[in-house]
Amino acid sequence: MKINKKAALHNLGCKVNAYETEAMQQILENAGYEIVPFTEYADVYVVNTCSVTNMADRKSRQMLHKAKKMNPDAIVVGAGCYVQTKEAEALLDDTVDIVIGNNKKHELLSMLEAYENDHGKCGNVIDINHEKQEYEEMFLERTAEHTRAFIKVQDGCNQFCSYCIIPYTRGRVRSRRPEDVEEEVKILAEEGYKEIVLTGIHLTSYGIDFKDEGIDFLTLIKRLHAIDGIERIRFGSLEPRVITETFAEELSKLPKICPHFHLSLQSGCDDTLKRMNRHYTCEECAERCAILRKYFENPAITTDVIVGFPGETDADFETTREFLEKVHFYEMHVFPYSRRAGTRADRMPDQVPEPVKKERSAVLLKLEKKMSGEYRESFLGTEQEILLEEPVTIDGEVCMTGYTKEYVKAAVRLDGRDPKMLKNTFVRGTLKEFLTEEIMLLS
């Protein structure tokens with residue numbers, strides 16, 4: 001019997017959250033709910049919240065309140081990281097009817113049923129930091145992405161960086177069984193997905209809880225590489241230390257691996273890295289980049305950088321800028337340091353003023369634009385293959401765009417072809433010129 005109810009979901013935060021939101025949507029769909037956009041009237045609103053910064057907390061509260069305003073009679077569900085850290089606050093909030101913490105999102109349906117039976121506010125938030133947790137199995141049969149599927153394979157973090165609240169919201173490292181990952185990827189391959197992206201809260205910790213079985217991150221990658229239909233494998237954020245000679249050499253033997261590596265650097269100054277409680281030095285990171293360039297031809301190496309971390313002096317920032325320019329990253333995600341209550345960094349002295357953070361961010365963004373342009377230019381005249389994703393209009397002409405394995409964006413002219421027929425297909429050609437600052441012409 002079909003449930004005559006509508007549900008709407010909204011995601012805040014990372015790719016792991018996005019995966020879990022899609023999994024919750026499929027749980028509701030399979031139960032008979034009609035899924036509608038979050039801006040429309042619904043009987044159930046699910047907000048998968050984020051808590052990475054104080055601003056993320058605020059946005060989470062705002063979206064929960066927005067849901068209740070759209071339909072005061074709706075059941076509003078707050079799930080994820082914000083309610084994990086602010087359970088009592090969420091339970092006291094009149095706009096929130098159900099609170100579901102991390103590792104309990106798979107119980108969404110039973111929580112809805114319990115609420116409808118009792119008509120009383122309910123919550124299910126475990127002490128994720130002091131109770132040993134198993135990996136929360138959630139499953140996707142399809143994704144909102146049309147060509148690229150994000151696959152969550154790991155949860156939790158044991159690093160305790162001084163600026164980060166995530167270990168307290170997600171708990172300790174838990175890895176997904178490789179056979180379960182394989183099953184999901186096989187189903188997605190049968191659905192036509194050709195590219196997967198492996199994601200996790202601390203992806204390179206995958207398998208540390210399977211050591212006795214001889215299973216590690218590389219083991220998982222090789223097993224997924226063997227699945228028919230999957231043509232490309234990408235990774236989410238990697239810790240620099242995972243890039244060893246052995247790891248890079250083994251990856252280079254796998255033709256489906258995209259030479260696109262996002263290394264989570266955060267700073268190019270050793271003193272700052274120590275205060276951040278990052279477990280490597282700049283020299284080590286530079287060495288890992290050199291290893292990747294040894295085993296892959298012109299790989300795309302991207303990174304994250306936090307500017308204005310407590311105690312960062314002008315000299316520290318200049319050290320970071322020089323290091324970034326020397327390593328020459330393809331892309332850099334630059335973040336002004338954002339204080340997060342409950343972290344050690346929030347209590348550190350020598351907090352950097354906001355105008356200084358803004359000024360330093362602008363310097364690095366200018367550098368990023370220069371290096372990114374130079375990296376793209378290095379592909380001019382080379383033969384490449386792109387996986388076509390979506391049409392875009394460039395100078396009045398509709399083209400189909402996609403990405404190379406290195407995640408360089410390119411476009412092909414339609415020449416009368418139907419863009420719907422081109423989506424999710426591979427095309428080869430030569431990158432001949434720039435159509436825009438970021439899109440190259442493949443012909």
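Contact means heavy atoms within 4.5 Å. Keep that cut-off in mind for each stop below.

**Ground rules.** This is a predicted model, in which local features need pLDDT of at least 70, side-chain atom pairs count only at pLDDT 80 or more, and totals for chains, interfaces and linings use all residues. Residues are numbered from 1 along each chain as its sequence is written, and side-chain values use heavy atoms, with hydrogens and water left out.

**Whole chain.** Select everything. Among contacts between residues at least 6 apart in sequence, 74% join residues at least 24 apart. Colour by secondary structure: the chain has 14 helices and 19 strands. Both are DSSP runs, numbered from the N terminus: helices are H or I with at least four residues, strands are E with at least two.

Along its principal axes it spans about 65 × 60 × 50 Å.

Switch to a surface. The chain exposes about 19600 Å², and carbon and sulfur atoms supply 50% of it. Areas come from the Shrake-Rupley method with a 1.4 Å probe; for residues, only the protein chains shown count as cover. Of the 443 residues, 55% count as buried. Buried means under 20% relative accessible area, exposed over 50%, and partly exposed in between.

**Tyrosine rings.** Select the Phe, Tyr and Trp rings. The count comes to 12 aromatic pairs. Rings (for Trp, the six-membered one) pair if their centres lie within 6.5 Å; planes under 30 degrees apart are stacked, over 60 edge-to-face, and the rest tilted.

Zoom to Tyr-330 and Tyr-375. This pair is tilted, at 4.5 Å centre to centre and 35° between the planes. The two residues are 45 apart in the chain, and the pair links distant parts of it. Tyr-330 is in the loop between helix 12 (314-327) and strand 14 (332-336), while Tyr-375 is in helix 13 (residues 354-377). Tyr-330 is buried at 2% relative accessible area. Tyr-375 is also buried, at 8%.

Next, pick Tyr-403 and Tyr-407. Their rings are stacked, 4.0 Å centre to centre with 5° between the planes. Tyr-403 is buried at 14%, whereas Tyr-407 is partly exposed at 24%.

**Phenylalanine cluster.** Select Phe-217, Phe-235, Phe-247, Phe-261 and Phe-296. Ring pairs link these five into a cluster.

**Lys-68.** Go to helix 2 (residues 54-70), where Lys-68 is found. Lys-68 is buried, at 13%. Leaving aside neighbours within four places in sequence, Lys-68 is in contact with Ala-74, Val-76, Asp-94, Thr-95 and Asp-97.

**Met-138.** Move to the loop between strand 6 (122-124) and strand 7 (148-155) for Met-138. Its relative accessibility is 4%, so Met-138 counts as buried. Beyond four places in sequence, the contacts of Met-138 include Tyr-19, Met-24, His-106, Arg-176 and Glu-184. Draw a line from the Met-138 C-alpha to that of Asp-271: the separation is 40 Å, for residues 133 apart along the chain.

**Thr-272.** Finish in helix 10 (residues 270-276), the place of Thr-272. Thr-272 is buried at 0% relative accessibility. Not counting residues up to four places away, Thr-272 touches Ser-267, Phe-309, Glu-312 and Asp-316.

How values were computed
Buried means under 20% relative accessible area, exposed over 50%, partly exposed in between (1.4 Å probe, protein chains only).
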